[in-house]
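Here is a briefing for a reader meeting this structure for the first time. Look over the sequence and the model, then read the points below by topic.

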There are 2 protein chains.
Amino acid sequence: MITVHLKKLRRRTEISSEEERAIRATVAEVREVRADELVVRSGELLTSSIILLDGWLARSKDLPGGERQVTELHVAGDFPDLHGFTLKRLDDDITALSDCRLAVVPHERILDITMQFPRLGRVYWFSTNVDAAIQRELSLSLGQRSAISRMAHLFCELYVRLDVVGRTRDSGYQFPLTQRELSECLGLTVVHANRTLQELRRRNLVELENRHLIIRDMRGLEGVAEFDPSYLYLDKHQL
Amino acid sequence: MITVHLKKLRRRTEISSEEERAIRATVAEVREVRADELVVRSGELLTSSIILLDGWLARSKDLPGGERQVTELHVAGDFPDLHGFTLKRLDDDITALSDCRLAVVPHERILDITMQFPRLGRVYWFSTNVDAAIQRELSLSLGQRSAISRMAHLFCELYVRLDVVGRTRDSGYQFPLTQRELSECLGLTVVHANRTLQELRRRNLVELENRHLIIRDMRGLEGVAEFDPSYLYLDKHQL
DNA sequence: ACAGGCCTGTAACCTAGGTTAAGCGCAATT
DNA sequence: AATTGCGCTTAACCTAGGTTACAGGCCTGT
């Protein structure tokens, strides 16, 4: 049930069966939230974090004027507010983009597990560092890539990340975001996000219909994106 | 000599004198590098990380076409490639923006210290998480703020971060970046960075001359930036 | 003393992406 | 069956920021 999370961890490092048991035991309960629900409000004190089992979450920051920037998308297997374990409160909001199932992990259990298995402490530290790397790549996108390259890059990244946890099918995946939400990931207006998506369709690179994305031409899309997945740290790590 | 680093840590959490001794003992040597030197190349395997004692470093990512985005600026006290301890290689380059003094900390000593003092492991985990928060705020800037607001925000952030380590003077600080480097932080062209800087000067918010920045009107600058320092996690943390 | 490079500053012009507005389809509600 | 609302799409128009080019000042090396 938390298997998808272990799958993600094991892509990057060994997890012994003893460690696996300990990780499974950190889950206190499983919660469900509905699309558009605010799951964690920035600033509030946290005493637990969540592992995303199913569905999509977005982390985002807002400006006083209401402009929103999504700082990271999260898919099954992710630990979206693990940084809350050390930070105690988040600087970004977490919102459900679809109906979701969440495993709730109290912070004291994270503390316990990292004391008992210091290596798991490093594994989770590593995990927040990979999230930071994803966010750096986003800064590169927002600062330097064109709209079309940014969107292509996002689609490529999500393909790889979903593939790690076995949630792709036929060069495609469920993509529950509205175009408004997509535009908030890319630092674009909805109108221009739409134009950009049309252009990717016109070039026969992707299809997006009924919340399902199909990548028609992976090579072509990666080319437009100048996509290089090394920032995702997919190789095996000694931790 | 590594005191500036302890000063930064102590702003956010208690460090006992025993912990302090252990931290000091992690430094293997002190290196100097010259302005413009590439200090860490992305992708290369790391066996040590560095604490910045003096000077400024930039982390940046380049696109194949040569466009560069600075992902974070680092000042005295920072541990710019601490994420390399778990990631083993960086996804961003580290370049010296000025002459710098660096304390070299071998990874095995970080491993030792975190095994002996698990709390210090969490302190350093926290530290990389604050860096990630700084990078999220950058994404918000790049995605949603105007050029002038972005630049004002950067100047505010650096003021606060330098103030933590006692490197401000009279509402100002040494600012060694050229306008090109500044533009690479902000996702702007040099020409527009110059225009934007002129506008901040014209509004009597800042002066920048001879690599020295003076904030003429802190309130005004924070207003333009919509600056809220909570993402810097400056309060005391139990870790 | 001079040449060559960088850095700062400006000006003229251009374009990627923003703004505003409107229409269409479809699902949920009444 | 009509209504409301949301998401998608397109069009016309606008502007923040990009591009190109050039000039002056200051270092550094010869």
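**A residue to start from**

In chain B, helix α9 covers residues 218-225, and Leu221(B) is found in that helix. The model is a predicted one.

**Around Leu221(B)**

- Is Leu221(B) buried or exposed? Leu221(B) has 22 C-beta neighbours inside 10 Å, so it counts as buried. The cut-off for a buried residue is 20 or more.
- Leaving aside residues up to four places away in sequence, Leu221(B) touches Ala152(B), Phe155(B), Cys156(B), Leu205(B), Val206(B) and Ile215(B).
- Val191(B) lies 30 residues from Leu221(B) along the chain. The C-alpha atoms of these two residues are separated by 21 Å.
- Val191(B) is also one of the residues that come nearest to DNA strand D.

**Chain A as a fold**

- Chain A holds 9 helices and 10 strands.
- Its radius of gyration is 18 Å, close to the 18 Å from the globule rule for 239 residues, so chain A is as compact as a globular protein of that length.
- The C-alpha trace of chain A spans about 55 × 40 × 30 Å along its principal axes.
- Buried residues make up 49% of the 239 in chain A.
- Take the contacts in chain A between residues at least 6 apart in sequence. Of these, 75% join residues at least 24 apart.

**How the two chains pair**

- How many residues of chain B are in contact with chain A? There are 39, and they meet 39 residues of chain A.
- On the side of chain B that touches chain A, the elements giving two or more residues are β5 (68-74), α3 (84-87) and α5 (118-144) of chain B.
- α5(B) gives the most to that side, with 18 residues.
- By class, that side of chain B has 15 nonpolar, 15 polar and 9 charged residues.

**Near DNA strand D**

- α8(A) gives the most, with 5 residues.
- The residues of this surface divide into 6 nonpolar, 7 polar and 1 charged.

**Near DNA strand C**

- DNA strand C is surrounded by 14 residues. The closest are Ala147(A), Val191(A), His192(A), Thr178(B) and Gln179(B).
- Two or more residues of this surface come from each of α8 of chain A, α7 (179-186) of chain B and α8 of chain B.
- The largest share, 5 residues, comes from α8(B).
- By class, the surface near DNA strand C has 6 nonpolar, 7 polar and 1 charged residues.

Notes:
Residues are numbered from 1 along each chain as its sequence is written. Chains are lettered from A and ligands numbered from 1 in the order in which they are written. This is a predicted model: local features need pLDDT of at least 70, side-chain atom pairs count only at pLDDT 80 or more; totals for chains, interfaces and linings use all residues. Helices (H or I, at least four residues) and strands (E, at least two) are DSSP runs, numbered from the N terminus. The radius of gyration is taken over C-alpha atoms; the globule rule is 2.2 Å times the number of residues to the power 0.38. A residue is buried if 20 or more other C-beta atoms lie within 10 Å of its own, exposed if 12 or fewer, and partly exposed in between; C-beta atoms are placed from the backbone. Two residues are in contact if their C-beta atoms, placed from the backbone, lie within 7 Å. A residue is near a molecule or strand if its C-beta atom, placed from the backbone, lies within 6 Å of it. Ala, Val, Leu, Ile, Met, Phe, Trp, Tyr, Cys and Pro count as nonpolar, Asp, Glu, Lys and Arg as charged, and the others, Gly among them, as polar.
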